[in-house]
Amino acid sequence: MKLLFIDIECANCKEGGKLCEFGYVLTDEKFNVELQENILINPKATFDPYVIKNMLNFSKAEYDKSPKFSEVYDKIYGLLTA
């Protein structure tokens with residue numbers, strides 16, 4: 001059995017939020033880490049100033065040069081449905 005732990009960050013909370021990070025850790029049933037990654041996503045949206053100052057680990061420029069959600073969708077979908 002595999003266990004998937006996820007964490008997301010959003011650029012803002014307008015219209016349901018605009019995803020800018022999808023982090024995950026995949027473990028076995030004994031919680032041994034098998035894979036972990038933090039996928040940066042360009043939300044193509046305005047960042048809330050509070051989010052930039054208090055919640056993000058990367059600069060806005062890093063998010064701006066990251067792939068759009070449509071470009072990482074298949075990877076995320078695959079993780080969630082495996």
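A disulfide is defined here as a pair of cysteine sulfur atoms within 2.5 Å. In the predicted model described below, a search of the whole structure finds 0 disulfides. The sulfur of Cys20 lies 6.5 Å from the closest cysteine sulfur, that of Cys10, which is too far for a bond. For Cys10, the closest cysteine sulfur belongs to Cys13 at 6.3 Å, again too far for a bond. Cys20 is buried, with a relative accessible area of 0%, whereas Cys10 is partly exposed at 23%. In this classification, buried means under 20% relative accessible area, exposed means over 50%, and partly exposed lies in between (1.4 Å probe, protein chains only).

The model is a prediction, in which local features need pLDDT of at least 70 and side-chain atom pairs count only at pLDDT 80 or more, while totals for chains, interfaces and linings use all residues. Residues are numbered from 1 along each chain as its sequence is written, and side-chain values use heavy atoms, with hydrogens and water left out.

The protein contains 3 helices and 3 strands; helices (H or I, at least four residues) and strands (E, at least two) are DSSP runs, numbered from the N terminus. From the N terminus on, the order of these elements is β-β-β-α-α-α. The C-alpha trace spans about 40 × 25 × 25 Å along its principal axes. Of the 82 residues in the protein, 29% are buried. The accessible surface amounts to about 5700 Å², and carbon and sulfur atoms account for 55% of this surface. Accessible areas come from the Shrake-Rupley method with a 1.4 Å probe; for residues, only the protein chains shown count as cover. Contact means heavy atoms within 4.5 Å. Among contacts between residues at least 6 apart in sequence, 45% join residues at least 24 apart.

Charged side chains were examined next. Side chains of opposite charge can pair when their charged atoms come close. A salt bridge is a side-chain nitrogen of Lys or Arg within 4 Å of a carboxyl oxygen of Asp or Glu, and the whole structure holds 4 salt bridges. One of them joins Glu34 to Lys2, with the closest N and O atoms 2.6 Å apart. Glu34 lies in strand β3 (residues 33-40) and Lys2 in strand β1, so this pair ties together parts that are 32 residues apart in sequence. Glu34 is partly exposed at 38% relative accessibility, and Lys2 is exposed at 51%.

Another salt bridge is formed by Glu37 and Lys75, whose closest N and O atoms are 2.7 Å apart. Because Glu37 belongs to strand β3 and Lys75 to helix α3, the pair ties together parts that are 38 residues apart in sequence. Glu37 is partly exposed, at 30% relative accessibility, and Lys75 is partly exposed with a relative accessible area of 41%. A further salt bridge links Lys60 with Asp64, the closest N and O atoms being 2.9 Å apart. Lys60 and Asp64 are 4 residues apart in helix α2 (residues 60-64), and therefore about one helical turn separates them. Lys60 is partly exposed at 35%, and Asp64 is partly exposed at 37%.

Glu9, in strand β1 (residues 2-10), is buried yet has no salt bridge. The nearest side chain of opposite charge is that of Lys60, 16 Å away; Lys and Arg count as positive and Asp and Glu as negative, whereas His and the chain ends are not counted. Apart from neighbours within four places in sequence, the residues in contact with Glu9 are Lys18, Leu19, Cys20, Glu21, Met55 and Leu56.

Tyr73 is located in helix α3 (residues 69-81) and is partly exposed at 38%.

Backbone angles were also examined. Phe31 is not a glycine, yet has a positive phi of about 65 degrees. Phe31 is found in the loop between β2 (19-28) and β3 and is exposed, with a relative accessible area of 53%. Lys44 also has a positive phi, near 50 degrees. Lys44 is placed in the loop between β3 and α1 (49-54), and at 62% relative accessibility Lys44 counts as exposed.
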